[in-house]
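Have a look along with me.

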Amino acid sequence: MGRQMLEGLLLLALGAGLLAFLSWLPQKVDGMVVVSEAIADLIRGLGQLLEALLGLAAVILIAMLLLAGLLALLSGVFRLVKSFTRLISSERLKPSQRNHRRPRPRR
């Protein structure tokens, strides 16, 4: 019970202090100027954020295209090497297969 009363009193003091500060604030600063500048800064910030996100998307797209190109080059080289090794190994086996080939008996 005492804790709730203490929290209530602290919240009341905080609310009264904030309201007193806000009532004192317009005497020092024009509120409309502050709000309009804040909105303008927010719009500029959102524009910069959008521009940064588009730049980041462009960088990611270029990196993905680069990786796709490198992957295509590597897979092309791998397939060419594989086909050349099969071609060379098949040419080596053809003459030896002719010598060791047994004729099938006819039935």
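I began with D41 and R44, which both lie in helix 2, three residues apart, about one turn of the helix. Helices here are DSSP runs of H or I with at least four residues, numbered from the N terminus. Before going on, I noted that this is a predicted model, where local features need pLDDT of at least 70, side-chain atom pairs count only at pLDDT 80 or more, and totals for chains, interfaces and linings use all residues. I also noted that residues are numbered from 1 along each chain as its sequence is written, and that side-chain values use heavy atoms, with hydrogens and water left out.

How do the side chains of D41 and R44 meet? I found a salt bridge, 2.9 Å from N to O; the term asks for a side-chain nitrogen of Lys or Arg within 4 Å of a carboxyl oxygen of Asp or Glu. D41 is partly exposed at 42% relative accessibility, while R44 is exposed at 52%. (Buried is under 20% relative accessible area, exposed over 50%, partly exposed in between, with a 1.4 Å probe and protein chains only.)

How many salt bridges does the whole structure hold? My search found two. R3 and E7 also meet in a salt bridge, at 3.3 Å from N to O. R3 and E7 sit four residues apart in helix 1 (residues 2-28), so about one helical turn separates them. I read R3 as exposed at 66% and E7 as partly exposed at 39%.

Last, I checked M64: its place is in helix 2 (residues 31-99), and at 55% relative accessibility M64 counts as exposed.

How values were computed. Helices (H or I, at least four residues) and strands (E, at least two) are DSSP runs, numbered from the N terminus.
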